[in-house]
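Look at the sequence and the structure first.

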Amino acid sequence: IVANRHIHMSPKDAARFNVKDGDKVTVDVVGKRRTRWYDVQIRVSPDFNLEMHVDTDDANAAGIGNGTKVRIVKE
């Protein structure tokens with residue numbers, strides 16, 4: 001099973017990024033291996049802190065780990 005890439009965020013973060021629960025966004029990853037991921041799902045809840053969850057294989061392929069900064073791309 002491969003986990004769906006997704007970003008957890010609070011309603012305040014969702015307003016800041018102009019997205020809503022269930023939206024899909026593109027994300028640029030600046031790491032050892034520059035990567036762009038498409039169709040990353042947004043999950044919004046007052047219980048969430050801002051963080052992106054990716055499958056271990058995806059993270060390893062991009063050369064990233066915990067704490068890596070990513071950028072949501074407005075297309």
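The sections below cover the model, its sheet and its core.

## The model

This is a predicted model, in which local features need pLDDT of at least 70, side-chain atom pairs count only at pLDDT 80 or more, and totals for chains, interfaces and linings use all residues. Residues are numbered from 1 along each chain as its sequence is written, and side-chain values use heavy atoms, with hydrogens and water left out.

## The sheet

Five strands make an open sheet of mixed pairing, in the order S4-S1-S3-S2-S5. Strands here are DSSP runs (E, at least two residues), and helices are runs of H or I with at least four residues, numbered from the N terminus. Two strands pair if DSSP finds at least two bridges between them. At the edges are S4 (51-53) and S5 (70-73), each of which pairs on one side only.

S1 and S3 run in the parallel sense, with four bridges; His8 stands opposite Arg43 in S3. S2 and S3 pair in the antiparallel sense over five bridges. Opposite Val25 stands Val40 in S3, and opposite Val29 stands Thr35 in S3.

## The core

The largest nonpolar core has 14 residues, and Ile7, Met9 and Val25 have the most contacts inside it. Such a core is a set of buried Ala, Val, Leu, Ile, Met, Phe, Trp, Tyr and Cys residues joined through side-chain atoms within 4.5 Å. Buried means under 20% relative accessible area (1.4 Å probe, protein chains only).

Ile7 touches, among others, Val25, Val40, Leu50 and Ile72, not counting residues up to four places away in sequence. Contact means heavy atoms within 4.5 Å.

Notes: Buried < 20%, exposed > 50% of the residue type's maximum accessible area, 1.4 Å probe, protein only.
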